[in-house]
Amino acid sequence: MACHGIPVLKPEWLGASGKTAEKMNLLTLQHKMKIDPEGYETELALLYKHFDSLLFLFQQQSALSFSSINGDPTVSKDLGDMAMFLAHVTPYYPTQLSDYPCKLADLLRSSAKSLPSSLRCHLTKALILLINRKFVDIGETLGLFMELQTLGDRTLRKDAFSHVIHSIRRMNQKHTNETQNRPLQNILFTMLQEEDEAKAKRALIVLCDLHRRRVWFDERTANAICTACFHPSSKIVNAALSFLLGFEKIEEADDSDVDSSEDEKNPQVVLQREDVYKAHHKGTLASKKKKQAKLQRAIRSMKRQQRANSEKDTPNYYSPLNHLIDAQGFAEKLFSRLQTCNERFEVKMMILKVIARTVGLHRLILLNFYPFLQKYVQPHQRDITELLASAVQACHDMVPPDAVGPLFRQVVNQFVHDKSRTEAIAVGLNVVKEICLRIPLLMTEDLLQDLVLYRKSHEKAISTAARSLITLFREVCPSLLVKKDRGRPTNPKARPKAFGEVNIASNVSGLELLQNDDGEDEENDGGDSDSSMFDNDEEEGTEITDNANAQLSDEDETEESDAGLDGDNESDQSEEEESDSEDGDGHEDEEQEDSNKRKRKLGDYAGELNADTSLQALKRIAESTREFESSDLADGILSNEDFKRIKELKAKEGAKLALGQHGLLRKGPEAKSPAFKVPSSEELSLKRVNPSVLEINIRRKMTKEERLELVKAGREDRGKYQARAAIKQKKTGGTSNKQKEHKKNMPMVAKRAKIVRSRQERKRLNRIAGKQFRGKKAWK
């Protein structure tokens, strides 16, 4: 035995491997132990005693406070390597190493702060390895790993945090394990309520991460995170507020098309076949391009609306504030802290946003909140758009209009006047529109007429905001507008609900669409409707025709009995049949004019009618078809096909609304469809108000740095500037074409030289004329 009780490893002690004279390291021995565990039990006992000796030596040195313990890394390195070695072979020797996990955990609990960083990381990884192999329960070591995160070691904090998150995720991978989650949640909740800032911060981070990953997606975790807003430490409060505000993503209106996955979820985009045909086959090329662009905009608008409607049933709009048990008490307590706190402006703004979101989400009544906001409603206020967005979010139909009235008038007086800037007027009009969308009773006739005059402004942001206000009140209360601004409202007698008035649903939503459904919708579909709907309609049509034929046979019998007994004259009968057939065709034309008021068109089975039909017979057929179609709804029970049809009809209504907004419905009764659909109070309170929506169409002045970046971006494709003289000096070879052109005569000089040459040529010809010998005359 050597000093300090550490046994010396001799080659003959490792004889079980058959290599007595060779030196063996721990990795090789570990590999051989995994292959043959029973053959290396002696070596395991020896190495385990060696680990105990190293551990005893280390504890003695740390108790004596040797300064050399941190300077000499050999002891800590040997102890860390031995700990990892034993952790790897523990599954193969569960009996011999049964107390080894407890020794590791006790060592980390007792002297984690005094251990060197490398040794502490090795021991932590060894313990994590044992926990992953189910030798230690996570509930016994969760507190230890949370304390290890507070030691200030970045590597250790990262390893401990990832281990806690992944262990709890694996625990709840197949199903939510409530029996094991409760003890772990109690440990973290207790740490979160402690005054120690480091422990509370790490507990909050773990809870937020598990909640964000939807592992602990329950009310207890959400309430625990919300209660962290009242922690004495400002850092904990800031972290909790940031999580509550950042959990919910604001979805901005995007002009891009929906992804293919979203298209699969929302296949209910419906367009009329006539509109598609006109956009591709009628008009000039330019007009067809405009129609096609309008159709694309309408399709994108419909897809966004359908995606928003489908996301109401999905947790995309989820916020931890939804799970508040006592939302009113939470808002009041947080508002009292906001009134008395001396934090930075950013912290106050976060508290204010959380209060406004809670009030709007749960439709609470916090009357003192609106006068508090009124003090900060100034155009020069810092982050004024976010503050106004919070003010809009806190308004709902359950708040008395008298409580919000002073805030509303403050916004109008401070933002919307002739001496205000363009940005302030546009923001003020948008805020007025958003508040009136939630509380229409705040608007008066005189004020609305004054605000509507801004539609003639030359600034696009102001005119757009004023027109949106006109569009809103055309649907909410047209009587407040001047007659020329009312346009063509769908309901001229519309009035906003009085304070406290609630509409109670007494029927299935969309049932009136099913009751008013006719067969024309299916004929006008452009191919997006399902084939099953057509199959059902064909089956109904066959039943209807059978019923119709039965009644027609009865009618024919009565007519034959009344016609007389003149059966001998066959020619007269044929003439009467021809005249009756003509009358029947005339009645059919009259009935086709009234087809829009009926459930089914008679033209669908007009070809099967006999020639002897009369007007009375057709009326009886119409009554029978009405009774046949209303029989399914008379019992008050809707089938799955009915709900599917209601969904399709809602999609078609949305298509008509989108087409009307883009000017694609200009003729017929469909052109009177509303261009703006007022959302319900539940829909308004569900989604958070985006501050950027209040600043839409506002052109901001660019800074000098932004202008320089824009200038540099325009110079990317341009070559480097060089003087012409420098370019000429670098040129090699002969003269260029441009240089040769300089040596040519000018046009007038060249013309004059040509004239001179022609004159000289004529003179030369005249001189030699008459001197030529022509020969003797042949006839003399």
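## Overall architecture

The structure is a predicted model. The protein chain contains 35 helices and 0 strands. Of the 780 residues in the protein chain, 38% are buried. When contacts between residues at least 6 apart in sequence are considered, 72% join residues at least 24 apart.

## Helix 11 and the cysteines

Helix 11 spans residues 219-227, and its buried residues are T221, A222, N223, A224, I225 and C226. The buried residues of helix 11 pack against helix 9 (178-193), helix 10 (197-212), helix 12 (234-246) and helix 16 (327-340).

C226 has a relative accessibility of 1% and therefore counts as buried. Does this cysteine lie within bonding distance of another, or too far for a bond? The closest cysteine sulfur to that of C226 belongs to C229, and the distance of 6.2 Å is too far for a bond. A disulfide requires two cysteine sulfur atoms within 2.5 Å. The structure as a whole has 0 disulfides. Another cysteine, C477, is also buried, with a relative accessible area of 6%.

## Aromatic pairs

A pair of aromatic rings is described by the distance of the centres and the angle of the planes. The whole structure holds 8 aromatic pairs. In one of them, the ring centres of Y48 and Y100 are 6.5 Å apart and the planes stand at 80 degrees, so this pair is edge-to-face. The pair links distant parts of the chain, since Y48 belongs to helix 2 (residues 41-63) and Y100 to helix 5 (residues 100-111), 52 residues apart. Y48 is buried at 11% relative accessibility, and Y100 is buried at 0%.

F369 and Y370 form an edge-to-face pair as well, with 6.1 Å from centre to centre and 70 degrees between the planes. F369 is buried at 0% relative accessibility, and Y370 is buried with a relative accessible area of 1%. These two residues belong to one aromatic cluster made up of F335, F369, Y370, F372 and Y376.

An aromatic ring also takes part in an arrangement with a lysine: K333 lies over the face of F230, at 4.5 Å from the ring centre.

## Salt bridges

The count of salt bridges is 18. The following table lists three of them.

| Salt bridge | Distance, N to O |
|---|---|
| K103 and D52 | 3.0 Å |
| R212 and D209 | 2.8 Å |
| D209 and R213 | 2.6 Å |

Salt bridges that share partners join D52, D99 and K103 into one network.

The side chains of K103 and D52 meet in a salt bridge. This pair links distant parts of the chain, with K103 in helix 5 and D52 in helix 2, 51 residues apart. K103 is partly exposed, with a relative accessible area of 25%, and D52 is partly exposed at 28% relative accessibility.

R212 and D209, by contrast, both lie in helix 10, 3 residues apart, which is about one turn of the helix. D209 is buried, with a relative accessible area of 11%. R212 is partly exposed at 48% relative accessibility, and R213 is partly exposed with a relative accessible area of 36%.

Most residues other than glycine have a negative phi. Which phi does R363 have? R363 is not a glycine, yet its phi is positive, at about 55 degrees. R363 is placed in the loop between helix 17 (345-362) and helix 18 (369-374). With a relative accessible area of 23%, R363 is partly exposed.

D383 is likewise not a glycine, and it has a positive phi of about 50 degrees. The position of D383 is in the loop between helix 18 and helix 19. D383 counts as partly exposed at 34% relative accessibility.

Helix 19 comprises residues 384-393 and includes T385. T385 is buried, with a relative accessible area of 14%. Which residues does T385 contact, leaving aside its neighbours within four places in sequence? The contacts of T385 are with P691, L694 and E695.

Key. Residues are numbered from 1 along each chain as its sequence is written. Side-chain values use heavy atoms; hydrogens and water are left out. Buried means under 20% relative accessible area, exposed over 50%, partly exposed in between (1.4 Å probe, protein chains only). Rings of Phe, Tyr and Trp (its six-membered ring) pair if their centres lie within 6.5 Å; planes under 30 degrees apart count as stacked, over 60 as edge-to-face and the rest as tilted. Helices (H or I, at least four residues) and strands (E, at least two) are DSSP runs, numbered from the N terminus. A charge sits over a ring if NZ of Lys or CZ of Arg is within 6 Å of the ring centre and within 35 degrees of the ring normal. Contact means heavy atoms within 4.5 Å. A salt bridge is a side-chain nitrogen of Lys or Arg within 4 Å of a carboxyl oxygen of Asp or Glu.
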